[in-house]
Amino acid sequence: MKTLGFAILVGSIMALIDKSGGIDGFVDFMQNRAKVISSAKSALLLSYMIGVVIFIESSITSLIAGAVGRPFCARYKIPQAKLAFVCDSTSAPISSIIVLNAWGALLLGLISTQITQGVIEANAIDLLIDSIFYNFYAMSALAVTFIAVWFNIDIGPMKHSKYIAVDAKIDLPNPQSMYYMLLPILLMVFFVFVYLYITGDGNILKGSGSSAIFYTVLTTLVFTLFYYVGKKNMTLKTWSKTTVKGAKNLLPIAAILLFAFAIGEVTSELGTGQYLASLASENLSIYLTAAVIFLLSSLISFSTGTSWGTFSIMIPIAVPMAVAMDADVALAIGAVISGGIFGDHCSPISDTTIISSMASECEVIEHVKTQLPYALISGLIALLLFLLVAFISN
């Protein structure tokens with residue numbers, strides 16, 4: 001229930017930050033006051049850094065990075081496809097690495113289900129943190145994107161992409177202070193560790209992840225009430241309406257979590273993971289387990305266009321499989337996360353693909369074609385790393 005509550009209340013905080021004008025203020029500051037941009041490379045690096053820093057939600061990451069980058073696309077004639085590539089290749093990867101967001105809530109809920117069902121004996125937050133270190137696709141995608149921007153490396157269809165003149169003016173009516181966005185985000189990061197310390201009786205690693213994130217969003221929500229209303233940024237009525245509206249926006253995420261719990265229970269009762277593990281133990285080497293999980297997750301994610309749905313399907317299968325084969329459970333979870341993001345990046349029906357295209361004013365199909373070679377390179381690197389780590393650890 002705490003995990004579901006967190007997933008819903010994050011929507012309230014996101015909506016409040018947007019309503020406060022803090023995002024517009026941040027865009028205005030970076031564009032007009034800091035004036036740190038002097039070339040096409042520095043413009044793309046700014047969008048890249050924003051994509052890394054704004055990890056609270058993948059859609060917001062893409063939208064902010066795109067909003068900041070669009071004016072510089074016009075100034076330096078940067079192809080919109082390249083900006084879309086930067087937005088897309090930082091949003092989901094960074095959200096899946098720094099999991100103080102709804103991604104973390106979903107993954108924590110799925111892992112917790114495996115623990116409560118007796119599939120594994122572990123601390124959910126510890127297992128989630130361990131799996132992050134095996135999120136090889138997210139890491140390789142961030143590295144490949146940075147290298148491509150820094151050295152201006154264009155491969156495949158990106159070589160032929162061109163800047164298409166559009167109205168690059170961004171409407172920023174009376175932008176507010178960027179601190180309306182930065183302070184709530186920083187507070188969330190800080191209080192997650194505080195509550196992990198409290199619930200773990202002085203040991204962060206033994207803290208309750210679900211309790212920590214739930215109490216964190218509650219604290220942040222109360223903070224926004226006093227901060228925004230106290231600063232006369234918005235009225236109490238506006239704050240209340242925005243809070244409810246934001247919560248409603250993330251109800252589908254809560255529904256995904258709820259159904260994921262149900263799927264986990266069903267697959268556990270059916271013994272799906274054990275059955276697949278028995279087949280794998282006969283036909284699959286333990287050294288290939290993580291790589292196969294990665295490829296299967298990639299295929300499901302590409303076909304469905306959703307990394308979250310892939311997590312919900314594959315984690316209840318991958319964890320029992322890893323247990324039965326005496327493989328590293330954290331490595332198996334990392335393979336699921338990596339595969340989910342990889343397939344999602346390559347899929348033309350993915351929401352992150354569409355949002356990144358929209359934020360950059362780029363055609364969706366052009367974005368898919370130009371990003372695909374980079375995604376395939378990152379995917380190949382991840383696959384080799386899964387094979388290498390599995391060989392070393394076993």
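This is a predicted model: local features need pLDDT of at least 70, side-chain atom pairs count only at pLDDT 80 or more; totals for chains, interfaces and linings use all residues.

Entry 1

Entry 2. I started with helix α15, which runs over residues 307–324. I wanted to know what its length should be: at 1.5 Å a residue, its 18 residues should span 26 Å, and I found its end C-alpha atoms 25 Å apart, which agrees. Still, α15 bends by about 40 degrees at M314. I also spotted a proline, P316, within four residues after that point.

Entry 3. Is α15 mostly covered or mostly open? I found it mostly covered, with 14 of its 18 residues buried.

Entry 4. Next I turned to helix α5 (residues 80–97) and helix α8 (residues 136–150), whose axes are 9 Å apart. They pack at an angle of about 150 degrees. Anything over 145 counts as roughly antiparallel, so that is what α5 and α8 are to each other. The crossing of α5 past α8 is left-handed. On the α5 side the contact includes F85, V86 and S89, and on the α8 side A138, M139 and A141 are among the residues involved.

Entry 5. Last, I looked up G66, which sits in helix α4 (residues 58–76). Buried or exposed? G66 is buried, since its relative accessible area is 0% and buried means under 20%. Leaving out residues up to four places away in sequence, G66 touches L83, C87 and A359. I also checked I50: G66 is 16 residues from it in sequence, and their C-alpha atoms are 9.5 Å apart.

Key: Residues are numbered from 1 along each chain as its sequence is written. Side-chain values use heavy atoms; hydrogens and water are left out. Helices (H or I, at least four residues) and strands (E, at least two) are DSSP runs, numbered from the N terminus. The expected span of a helix is 1.5 Å times one less than its number of residues. The bend at a residue is the angle between axes fitted to the seven residues ending there and the seven starting there. Buried means under 20% relative accessible area, exposed over 50%, partly exposed in between (1.4 Å probe, protein chains only). Axes are lines fitted to C-alpha atoms, for helices over the stretch in contact, and angles run from 0 to 180 degrees between N-to-C directions. Angles under 35 degrees count as roughly parallel, over 145 as roughly antiparallel, 65 to 115 as roughly perpendicular and the rest as oblique. A crossing is left-handed if the near helix is turned anticlockwise from the far one by less than a right angle, and right-handed if clockwise. Contact means heavy atoms within 4.5 Å.
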